[in-house]
Amino acid sequence: MPTPQEHTIHVSVATQSITLRNAEGHALLTVPCSTGAAGTGCTPNSGQTPTGRFAVCSTHGENAPLTTLFKGRIPAGTWEPACRQKDAILARILCLEGLEPHNANTRSRFIYIHGTADTASLGSPVSHGCIRMDPTDIAHIFPLCPIGTRVFIEA
């Protein structure tokens with residue numbers, strides 16, 4: 001299993017993209033994502049995506065089907081297109097912990113990188129503060145991002 005320093009995650013709010021980089025800084029994968037519709041910031045209940053330096057503090061969903069629906073980070077069934085819940089948390093969850101004073105409340109705000117059912121909106125800022133990804137994409141990076149993996153979110 002990779003050590004946390006082997007890979008880093010870089011989120012660009014400006015381009016609505018997420019990049020997985022190796023230890024040398026080379027991009028291994030860049031895919032669209034969605035960040036907060038309310039922009040960036042660290043205010044609780046704001047719907048904003050925090051910026052700065054973070055670490056993955058917990059992971060959820062290893063080996064779960066891509067349609068697994070999570071409630072409170074616990075598998076709660078299967079997402080079906082008929083449910084029309086666009087803000088559903090699917091497939092995998094990487095929980096984030098802020099490493100700087102201004103984003104130290106990230107964990108208590110429940111800011112995650114997670115799969116979404118609303119893949120048509122990827123590339124646009126539409127989330128409630130989390131970083132949303134296509135379930136297939138997060139399943140691809142999930143095993144490369146153990147607890148301790150560094151995450152950088154920039155405006």
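The lining of the largest cavity is made up of seven nonpolar residues, two polar residues and no charged ones. This is a predicted model. A search of the whole structure turns up one cavity of 30 Å³ or more and three salt bridges. Both topics are set out below.

**The cavity**

- The largest cavity holds about 40 Å³ of space.
- Its lining consists of Ile9, Ile18, Thr19, Leu20, Leu29, Thr30, Val31, Met133 and Ile141.
- Strand 2 (17-22) and strand 3 (27-32) are the elements that give two or more residues to this lining.

**Salt bridge: Glu100 and Arg53**

- Side chains of opposite charge can pair when their charged atoms come close.
- Glu100 pairs with Arg53 in a salt bridge, and their closest N and O atoms are 3.8 Å apart.
- Glu100 sits in the loop between strand 7 (89-98) and strand 8 (112-116), while Arg53 belongs to strand 4 (residues 52-60), so the pair ties together parts that are 47 residues apart in sequence.
- Arg53 has a relative accessible area of 39%, so this residue is partly exposed.

**Salt bridge: Arg107 and Glu97**

- Arg107 and Glu97 form a salt bridge through their side chains, at 3.7 Å from N to O.
- Arg107 is in the loop between strand 7 and strand 8, and Glu97 is in strand 7.
- The two residues are 10 residues apart, and the pair links distant parts of the chain.
- Arg107 counts as partly exposed because its relative accessibility is 46%.
- Glu97 also falls in the partly exposed class, with 30% relative accessibility.

**Salt bridge: Asp118 and Arg132**

- The side chains of Asp118 and Arg132 meet in a salt bridge, with 3.9 Å from N to O.
- Asp118 lies in the loop between strand 8 and strand 9 (131-133), and Arg132 lies in strand 9, so parts that are 14 residues apart in sequence are tied together by the pair.
- Buried means under 20% relative accessible area.
- Asp118 has a relative accessible area of 11%, so Asp118 is buried.
- Arg132 has a relative accessible area of 4%, so Arg132 is buried.

Note on methods
Residues are numbered from 1 along each chain as its sequence is written. This is a predicted model: local features need pLDDT of at least 70, side-chain atom pairs count only at pLDDT 80 or more; totals for chains, interfaces and linings use all residues. Side-chain values use heavy atoms; hydrogens and water are left out. A salt bridge is a side-chain nitrogen of Lys or Arg within 4 Å of a carboxyl oxygen of Asp or Glu. Helices (H or I, at least four residues) and strands (E, at least two) are DSSP runs, numbered from the N terminus. Buried means under 20% relative accessible area, exposed over 50%, partly exposed in between (1.4 Å probe, protein chains only). On a 1 Å grid over the protein atoms alone, a cavity is a set of points where a 1.4 Å probe fits but cannot get out, and a pocket is an open set with protein on both sides within 12 Å along at least five of seven lines; lining residues have an atom within 4 Å of a point. Grid points are joined across faces, edges and corners, and a volume is the space filled by probe spheres set on the points. Ala, Val, Leu, Ile, Met, Phe, Trp, Tyr, Cys and Pro count as nonpolar, Asp, Glu, Lys and Arg as charged, and the others, Gly among them, as polar.
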